[in-house]
Amino acid sequence: MSVAKDAALLVGAPRSNVRGKPGRIGTDEVIGQTRPLLAVENLTKHFALKGGLLNRTKAVVQAVDDVSFNVQTGETLGIVGESGCGKSTTARLLMHLIPPDIGSIVFDGLVVGAADGGLSHRDLHRQMQMVFQESYASLNPRLPVAMSIAFGPFVHGLAKPAALKRAMKLLEAVGLDPILFANRYPHELSGGQRQRINIARALALEPRIVILDEAVSALDKSVEAQVLNLLVDLKAQFDLTYVFISHDLNVVRYISDRVMVMYLGKVAEIGPVEHLYRDPQHPYTQALLSAMPSMDPRRRTLKAPLAGDPPNPISPPSGCRFRTRCPFAEAVCETAPPALMAPPGEELRAVACHMRVPGSGHSRAATVVSA
Amino acid sequence: MVDVAVLPADSAAAFKRAQQGKSYWRRVWERLRDDKVTLAVIGVLVMLLIMVVFAPWFTMHDPYTGSVLRRLKPVGTPGHWLGTDEVGRDLWARMVFGGRLSLLAGVMPVFLALLIGGFLGVAAGYVGGLVNSAIMRLTDVLYAFPSILLAIAITGILGSGLQNTILALTISFIPPIIRISESVTTQVRHLDFVEAARASGAGPLTIMRYHILNNMLGPILVYATSLISVCIILAAGLSFLGLGVTPPSAEWGLMLNNLRQALWVSPLVAALPGVMIFITSMCFNLMSDGLRQAMDVRL
C-alpha cells in the first residue's frame, strides 16, 4: 500500500481542506511577510497555588505572562531561557495540553479552539506534535516502540496494520532498523534511540510543526549531535517547522533561524539568530550570551555575568521583571513594564527594554545604540 | 503531503514480524515457563480446580449422607481413605465438594472487588480533583475497619449464606484494590507518555485502555492473587463463626468448625480441612510471588 493511500485513510480534514475552512483570520500577506504558520498572541497562564483548609488560592505563579510571537513556515524558532522561565509551559500551552488563561493561538490562519469554524484541538494535534525531554518517561514501558509510534495514527482512525506499517517507515526515517527495533520495549533502548523513537512518534501524524521541548538536553554530547543532525535532515525531508526549546545556547544557535529569549514568563528579546548572538540588545540576553562557555581558554569568562537566581514567579518584580538583576535598572524600570518593540533601525527584531525605546525616560534610552 | 522514507525490500518482513511480535504477556509467559516453583504451584491449583469442578467423578460417596455406625473413622479406613466426619460422612467426598464453595467464596469476592475497585480506582486516579477526593475519602471510611470485622458486621446484618458471604468479602476487599489502582493510575497519568498520548489527540477512554490499563494490570493482578488466599481464609473464618455457609453444606471452614469437637478423638481427620485451606492459600500466595517476578519487565 502506498504512502498516499495510508494518509488518505486518516480521518479528519486533510491539509488542503484546512486551508479552505471558514473562520480564518488575516490575509496571506501580512506587511510584506507571508502569513505565519503559527501566531501566538498574549498567551498567559497563571497557576493558582491552593492550600489550607478551604483550598483557597494562596498565591499565583505567573508562569507565562502575555507572550506573543510568530513562527514562519519552514523556520526553526529557538526558545531559550533559564529553568523556570516558562519555556515548557509555553510548549504545553501551544499543544493545548493545558488550557491558556488568556491569549489566542492561530495556526495557519485558523484560530485554535474557536467555536465557529476554527481549528479543533484534535485537528491541531494532527498538525502540531511535540517531543518531550525525558525519553524514557515519554514512552509507555508496556508497549513495543512500534506500537507507541503507531498510536497516534491509530487514534485518528488508521487501521492497526496500516498504522504499524507507517511506524516501520518512520523507524527507518529516524535511522533505526525496523527489524531490530520495532518490537523492543523502551527499557531495551539507549537514551538516544529512545529519543529517536519519540521523534518518530511525533512525526507519525505527519505534522507540519514539531515542538521540541529540551528534546536533546538529556543526551550525551555525541548522541546529542547525532540527534540534532537527524532533526535537521528530517526537517528538510518532511518540510517541517520547528519550535526548539532549550537552555543550551550553542545548540539553539546551531539549529535555529530565529531565537526568542524568555525571562520569568515574559519575552525579553526575539530576533534572527545571528543578529541576536552578534549584537544582543536586552541586558538579559547579553548576560546570557556572556555566560556561554568559551572554546578559547584565553577568552574565558572572568566574572559571573549575573548574580543570584531569577526572582520568584509567584510575586515577580514590578515593571520590568529583569530589573532586580539588571545592571542598568533605573526608576522607570520599576514603574512601567517595557513593551516588546522593534529597536530603531532593526525591523526583524523586538526587545522589551526601556533602554531601546527613545524617550522612555531611561537615561540610556537615547544615547545607547548598542552595548 | 509529506513523503515517508523509501520502503526497503526487507521492511515487509519486518512489518510481519512486528505483527507477530512478542507481546508483553507473551514475554511474561516465557519468563514464567522457566520458573519451576510457580509452574508447580499453578499445576496444583489447576488440579484442585479440575477436582472441584468435576467433583462427582472423584468420589463414590455422597457428601451429605452419613452413617451413625461409621462416625469419625480414622484416615485409611477401607472405603473411606480419609476417614469420616462426626456424622459419618465420607471426608474425602466432603473435601472435594467443599472445595467448590471454598474456592468460590475465595475467588469470587476478589474478582468482583477487582472489577468494582479497579474501575473506581482508575476513575479516581485519572479524573483527579473532586472525584478523587470523594472516592478516596469513602474508601478511607471502609479502611477504618479491619476486613474481618467489616465482613462479620456485614454478614451479621445481612444474615449468613454464601451470597452474603461473597457480598461481605467483596465489600471488604474493594478499599485496598481502589487504593492500589488509584495510586498506580496517579503515578502513570503524570508521566510524559500519557501527555504524549493526549497530544496525539486520544480521548480519556482510549488513553486508559491503551496506556493506563496495561501499566496497572501487572501490580493489580499480583495483588489480587495474593488477596485470594486471604479471602479463602476469611470465608472459612466466617463459616467457622457460623456467619458463612450453613450446615449441612460442605465448606472447608465450616467442616473445620464442625470437626473441632472431634479434635481429641480423631485429630488427623479434624485437621484435614485446615490442611486444604493451607495448601490452597499457600499456592495462591506462591503464584502471586511468581507472577510478580514474571511481570516485572525490567528484570
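How many bridges pair strand E3 (residues 38-51) of chain A with strand E6 (residues 102-107) of chain A, and in which sense? In this predicted model, for which local features need pLDDT of at least 70, side-chain atom pairs count only at pLDDT 80 or more and totals for chains, interfaces and linings use all residues, the two strands pair in the antiparallel sense over five bridges. Residues are numbered from 1 along each chain as its sequence is written, while chains are lettered from A and ligands numbered from 1 in the order in which they are written.

Chain A has 13 helices and 13 strands, where helices (H or I, at least four residues) and strands (E, at least two) are DSSP runs, numbered from the N terminus. Of the 371 residues in chain A, 46% are buried; a residue is buried if 20 or more other C-beta atoms lie within 10 Å of its own, exposed if 12 or fewer, and partly exposed in between, with C-beta atoms placed from the backbone. Among the contacts in chain A with a separation of 6 or more, 65% are accounted for by residues 24 or more positions apart, two residues being in contact if their C-beta atoms, placed from the backbone, lie within 7 Å.

Strands of a sheet pair through backbone hydrogen bonds, either parallel or antiparallel, and two strands are taken to pair if DSSP finds at least two bridges between them. One open sheet of chain A consists of four strands in the order E4-E3-E6-E7, with antiparallel pairing. Strand E4 (56-71) and strand E7 (110-111) of chain A stand at its edges, each with a single partner strand, so one side of each is left without a neighbour in the sheet.

A second open sheet of chain A holds seven strands in the order E8-E9-E10-E5-E11-E12-E13, and its pairing is mixed. Its edges are strand E8 (128-131) and strand E13 (350-351) of chain A; each has a single partner strand, so one side of each lacks a neighbour in the sheet. Strand E5 (residues 76-80) of chain A is joined by four bridges to strand E10 (residues 241-245) of chain A, and these two run parallel; in this pairing A:Gly78 stands opposite A:Phe244. E5(A) also pairs in the parallel sense, over four bridges, with strand E11 (residues 258-263) of chain A, where A:Met260 is the bridge partner of A:Ile79. E11(A) is in turn joined by six bridges to strand E12 (residues 266-272) of chain A, the two running antiparallel, with A:Arg258 opposite A:Pro272.

Five of the five residues of E5(A) are buried, so the strand is largely enclosed by the rest of the structure. In a regular strand the side chains alternate between the two faces of the sheet.

In chain B, the axes of helix H5 (residues 91-127) and helix H12 (residues 267-295) come within 11 Å and cross at roughly 25°, where axes are lines fitted to C-alpha atoms, for helices over the stretch in contact, and angles run from 0 to 180 degrees between N-to-C directions. H5(B) and H12(B) are therefore roughly parallel to each other, given that angles under 35 degrees count as roughly parallel, over 145 as roughly antiparallel, 65 to 115 as roughly perpendicular and the rest as oblique. The contact is made by B:Leu91, B:Met95 and B:Gly98 of H5(B) together with B:Val269, B:Leu272, B:Pro273 and B:Met276 of H12(B). By class, this contact has six nonpolar, one polar and no charged residues; Ala, Val, Leu, Ile, Met, Phe, Trp, Tyr, Cys and Pro count as nonpolar, Asp, Glu, Lys and Arg as charged, and the others, Gly among them, as polar.

The axes of H5(B) and helix H10 (residues 204-240) of chain B come within 8 Å and cross at roughly 145°. The residues of this contact divide into 19 nonpolar, three polar and no charged.
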